[in-house]
Every structure is written in C-alpha cells, then in structure tokens.
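The following exercises are to be worked through with the sequence and the model in view. Please read each task before turning to its solution.

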Amino acid sequence: SESVTAALATQAAAPDIVLQGMAETRDGDDVQRTAIIRAGNDLVLATLGTAVGGRYRVAGLTADSVELDDVQGGPRRTVRLQ
C-alpha cells in the first residue's frame, strides 16, 4: 500500500546513527554532557538541541545514551553506547 511504501522511504532516509562516546564536564553539582555521535560519514559533538544527521535533534543525554527527536515527525529514537 502507499502508506507502507511511504514509511519505508522515510526509514531509508534516516542516517545511520552510532553513539561513539560520551564526555562529561562537572561544575559543582551540574553535569554538562556532550555526545560523540557518528551520523553517516559525519562526526558530531552534540549537546541538548543539537541537530544530528539532518533529521534528528538531541532531546536527552544520559551517561550511556542519547535521545533523538525526529524532526520529520517520526518516533523518538534512543541510541546507546555499544
């Protein structure tokens, strides 16, 4: 059907996202995290709000994962350190 074809085309357009590492800076009790993400052929140092792969925006960071909002309206994606 058309909706299945459109969904597959949308998924195919999503870049391959891999969380390579996480850096932390502490200032007292505050922790600033920066995700090191490979998006296709690009390496991105990402904090909250950073655009990734032309399709996602960083919505959350933990010590071992990053949450990405799909700016095209798809589901939120969680990528974990491997």
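**Exercise 1: The nonpolar core**

The largest nonpolar core comprises 15 residues, and those with the most contacts inside it are Ile 17, Ala 35, Ile 37, Val 52, Val 66 and Leu 68. A nonpolar core is a set of buried Ala, Val, Leu, Ile, Met, Phe, Trp, Tyr and Cys residues joined through side-chain atoms within 4.5 Å. This is a predicted model, in which local features need pLDDT of at least 70, side-chain atom pairs count only at pLDDT 80 or more, and totals for chains, interfaces and linings use all residues. Residues are numbered from 1 along each chain as its sequence is written, and side-chain values use heavy atoms, with hydrogens and water left out.

Task: State which elements give two or more residues to this core.

Solution. Step 1: Helices (H or I, at least four residues) and strands (E, at least two) are DSSP runs, numbered from the N terminus. Step 2: The chain has one helix and seven strands, in the order α-β-β-β-β-β-β-β. Step 3: Two or more core residues come from each of strand 1 (17–27), strand 2 (30–39), strand 3, strand 5 (56–61) and strand 6 (65–70).

**Exercise 2: Surroundings of two residues**

Task: Describe the contacts (heavy atoms within 4.5 Å) of Leu 68 and of Gly 49, leaving aside residues up to four places away in sequence.

Solution. Step 1: Among the residues that Leu 68 touches are Ile 17, Val 52, Tyr 56 and Val 79. Step 2: Gly 49, in the loop between strand 3 (42–46) and strand 4 (51–52), touches Arg 57 and Val 58. Step 3: The C-alpha atoms of Gly 49 and Leu 68 are separated by 9.3 Å.

**Exercise 3: Salt bridges**

Solution. Step 1: A salt bridge is a side-chain nitrogen of Lys or Arg within 4 Å of a carboxyl oxygen of Asp or Glu; the whole structure contains six. Arg 38 lies in strand 2 and Asp 16 in the loop between helix 1 (2–13) and strand 1, so the pair ties together parts 22 residues apart in sequence. Step 3: Buried means under 20% relative accessible area, exposed over 50%, and partly exposed in between (1.4 Å probe, protein chains only).

Terms used
Contact means heavy atoms within 4.5 Å.
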